[in-house]
Amino acid sequence: MNRTSPRHRHRARTIHRLAHNGAVDDHDPLASFAALLTERGRFLLDEVREVEPAQELAVATRLRREHPAELVSAAIAQARWRQRAVGKFGSADAGRMFFTANGIEQATRATVAAYRAERFTELGVRSVADLCCGIGGDAIALARAGVRVLAVDRDPLTCAVARANADALGLGDLIDVREADVTAVDTSSYDAVFVDPARRGGRGRVFDPEAYSPPLSWAVEAALKAPRAALKIAPGIPHEAIPGDAEAEWVSDSGDVKEAVLWFGTEPGLVRATLLPGPRSLRGRGLPDPQVRPPGRYLYEPDGAVIRAHLVAEVAEEVGGGLLDETIAYVTADAVTPTPYATAYEITDQLPFSLKKLKALLREREVGTLTVKKRGSAVEPEELRRKVKPRGPNSATVFLTRVRGAPTMLIGHPVSSDR
Ligand SMILES: C[S@@+](CC[C@H](N)C(=O)[O-])C[C@H]1O[C@@H](n2cnc3c(N)ncnc32)[C@H](O)[C@@H]1O
């Protein structure tokens with residue numbers, strides 16, 4: 001924005017009013033945010049830091065006696081977002097960072113961003129154009145890995161927040177935030193580009209990669225022009241949509257699938273599943289689908305990243321197992337082989353699907369804590385638990401699945417990790 005334009009003068013006046021005196025008659029999110037960075041704004045942020053939802057109204061009423069109402073509301077909104085962001089960014093960073101409602105939802109969690117930044121540095125990358133930087137989740141991790149970042153977003157408030165985050169975390173010298181449409185930015189002087197397109201439309205998540213903003217085809221073109229690139233995409237992307245010149249990596253953190261990434265300039269055609277913390281990376285070897293075989297003593301539930309990456313065959317080979325059913329990603333084997341890529345269960349009982357039989361068996365075993373897992377069954381775990389009413393001191397896991405097409409229940413317990 002031109003700094004002497006009427007819009008800029010108006011905004012400067014609004015910030016001044018918000019920061020220094022009483023009521024403000026207009027609403028400008030950018031001005032409200034800028035006012036939060038003033039001395040008064042920071043004082044209010046400190047005042048509301050620990051505020052519980054139940055106390056918000058009372059605290060806000062007290063603070064509004066001496067401070068502009070809009071600034072108090074902005075500080076309370078940040079406090080709420082900071083609390084919500086602890087899971088993604090950890091309490092130390094979340095407590096210093098700034099957010100927007102969308103920015104917090106869309107940001108990459110710190111563990112995943114740090115892993116990606118490490119991969120970039122291992123590839124020799126020293127500078128990255130972060131196209132669609134949001135509030136800076138990835139830019140922060142890259143800068144912390146020593147990478148110089150051009151962080152681009154077209155939303156002015158998001159850029160202001162990203163800039164404030166870089167400063168708050170002492171990374172301002174490494175992160176240059178630019179308000180622009182990414183399709184108009186020259187990235188030729190950077191070692192790599194990273195694109196994390198917006199995948200939320202007006203009505204929730206967008207599934208068609210061409211409906212991403214910017215569309216996936218634009219991101220792929222930008223990636224192919226750069227020496228190295230990574231594009232973050234939805235984990236549910238059909239494998240047919242993956243360009244042949246990309247490596248595809250699915251990433252999970254503590255068992256939850258977080259994202260898929262297309263890498264360019266690494267190993268075209270490679271498919272891998274990476275599990276955090278770790279990282280532990282399982283590389284695809286193009287194995288054929290595993291054989292279907294009768295249930296053995298052990299059942300392996302592959303990590304979600306392994307399943308999304310279509311690497312169940314690699315896990316089956318590692319544990320010497322096969323599938324219970326050709327359409328279901330449960331692996332069965334006679335022996336227990338420790339693997340980071342799947343959780344092993346010892347199976348004690350196999351029954352055709354029947355609530356009555358399950359109830360009787362659980363009563364006989366005095367099972368009060370029942371974990372329900374399912375693949376290939378429409379039964380709702382909560383409903384099942386309500387109907388069988390588990391009671392007793394023991395615990396068990398029931399798998400609702402199919403064995404060669406037949407609805408089946410397999411009952412067992414996790415193999416302890418120390419064996
Ligand atoms: C998924 S978020 C990025 C999150 C970010 N990686 C992080 O960890 O915080 C996507 C961002 O892309 C921005 N965006 C979408 N289309 C854009 C375009 N054509 N040019 C610039 N920014 C764009 C949106 O404003 C949004 O902030």
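Which polar backbone atom is 3.5 Å from an oxygen atom of the ligand? The one in question belongs to Gly 136.

## Basis

This is a predicted model: local features need pLDDT of at least 70, side-chain atom pairs count only at pLDDT 80 or more, and totals for chains, interfaces and linings use all residues. Residues are numbered from 1 along each chain as its sequence is written, and side-chain values use heavy atoms, with hydrogens and water left out.

## Ligand site

Polar contacts are pairs of N or O atoms within 3.5 Å. Asp 153 places a polar side-chain atom 2.7 Å from a ligand oxygen. Cys 133 has a backbone N or O atom 3.4 Å from a ligand oxygen. Taken alone, the ligand exposes 610 Å² (Shrake-Rupley, 1.4 Å probe). The protein buries 93% of that.

## Sheet

Nine strands form an open sheet with mixed pairing. Strands are DSSP E runs of at least two residues, helices H or I runs of at least four, both numbered from the N terminus. Pairing takes at least two DSSP bridges. The order is E3-E2-E1-E4-E7-E9-E8-E10-E11. Strands E3 (175-179) and E11 (280-283) are the edges, each pairing on one side only. From one strand to the next, the twist averages 20° (axes fitted to C-alpha atoms, angles from 0 to 180 degrees between N-to-C directions).

E8 (247-253) and E10 (271-276) pair in the parallel sense over six bridges. Glu 249 stands opposite Arg 272 in E10.

## Helix on the sheet

Helix H11 (216-225) packs on the sheet. H11 touches E1, E4, E7 and E9 (heavy atoms within 4.5 Å). The direction of H11 makes about 160° with that of E7 (helix axis fitted over the stretch in contact).

Conventions:
Polar contact = N/O pair within 3.5 Å; in protein donor to acceptor, adjacent residues only side chain to side chain.
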